[in-house]
Amino acid sequence: QVQLVESGGGLVQAGGALRLSCAASRRIFNINAMGWYRQAPGNQRELFARIFSGEITTYEDSVKGRFTIARDNAKNTVYLQMNSLKPEDTAFYYCNANLYSGDNSWGQGTQVTVSS
């Protein structure tokens, strides 16, 4: 597995932007997929953005056009650029690594709060 550490969360106003980082303990170029999940109080943990080893990306409709996932293999880091933030984006955000074996690694999470 791989250890993951998220950073960059905080409090922003609606319409603002924020960039999250996910630093991995080892190379990520051969990991099947890196993804971002979020969980709001009372809700299930939701997968909303994923990037595969071939640089293909997928997004949930709720964030498509506003959020962008990217990776820097040389730095073993995955990024999440969040633009046009809405109050409903408020949640705890988690980085995830899905290996070809089916195993998953999780970061500790970082809080994102969007005020009206």
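1. In what sense do strand 4 and strand 9 pair, and over how many bridges? The two strands run antiparallel and share 7 bridges; strands count as paired if DSSP finds at least two bridges between them. Helices (H or I, at least four residues) and strands (E, at least two) are DSSP runs, numbered from the N terminus. Within this pairing, methionine 34 stands opposite alanine 97 of strand 9.

2. A word on the ground rules. This is a predicted model, in which local features need pLDDT of at least 70 and side-chain atom pairs count only at pLDDT 80 or more, while totals for chains, interfaces and linings use all residues. Residues are numbered from 1 along each chain as its sequence is written, and side-chain values use heavy atoms, with hydrogens and water left out.

3. Of its 8 residues, 7 are buried, so strand 9 is largely enclosed by the rest of the structure. Here, buried means under 20% relative accessible area, exposed over 50%, and partly exposed in between (1.4 Å probe, protein chains only). Strand 9 is also joined to strand 11 by 3 bridges in an antiparallel arrangement, where phenylalanine 92 stands opposite glutamine 111. Another 3 bridges join strand 9 to strand 10 (residues 104-106), again antiparallel, with alanine 97 opposite serine 105.

4. Strand 9 and strand 10 make a hairpin with 5 residues between them, and glycine 102 in the turn has a positive phi of about 100 degrees. Leucine 99 is placed in this loop and, at 13% relative accessibility, counts as buried. Setting aside neighbours within four places in sequence, leucine 99 is in contact (heavy atoms within 4.5 Å) with Gln1, Arg26 and Asn32.

5. The search of the whole structure finds 1 disulfide, defined as a pair of cysteine sulfur atoms within 2.5 Å. The partners are cysteine 22 and cysteine 95, with their sulfur atoms 2.0 Å apart. Cysteine 22 is in strand 3 (residues 18-24) and cysteine 95 in strand 9 (residues 91-98), so the link ties together parts that are 73 residues apart in sequence. The angle about the S-S bond is -80 degrees, making the link left-handed. Cysteine 22 is buried at a relative accessible area of 0%, and cysteine 95 is likewise buried at 0%.

6. On to the aromatic rings. There are 4 aromatic pairs in the whole structure. For this count, rings of Phe, Tyr and Trp (its six-membered ring) pair if their centres lie within 6.5 Å; planes under 30 degrees apart are stacked, over 60 edge-to-face, and the rest tilted. Phenylalanine 48 and tyrosine 93 have ring centres 5.5 Å apart and planes at 80 degrees, so this pair is edge-to-face. The pair links strand 5 (residues 46-52) with strand 9 across 45 residues, and both phenylalanine 48 and tyrosine 93 are buried. Ring pairs join Phe48, Phe67 and Tyr93 into a cluster.

7. Two arginines are worth checking against these rings. Arginine 38 lies over the face of phenylalanine 48, 5.2 Å from the ring centre, and the charged end of arginine 45 sits over the ring of tyrosine 94, 3.8 Å from its centre. The criterion is NZ of Lys or CZ of Arg within 6 Å of the ring centre and within 35 degrees of the ring normal.

8. The largest nonpolar core has 28 residues, and those with the most contacts inside it are Met34, Trp36, Leu80, Met82 and Tyr93. Such a core is a set of buried Ala, Val, Leu, Ile, Met, Phe, Trp, Tyr and Cys residues joined through side-chain atoms within 4.5 Å. Beyond four places in sequence, methionine 82 touches residues including Leu18, Leu20, Phe67, Tyr93 and Val112.

9. Strand 7 runs antiparallel to strand 8, joined by 6 bridges, and aspartate 72 has threonine 77 as its bridge partner. Their hairpin has 4 residues between the strands, and asparagine 76 takes a positive phi near 55 degrees.
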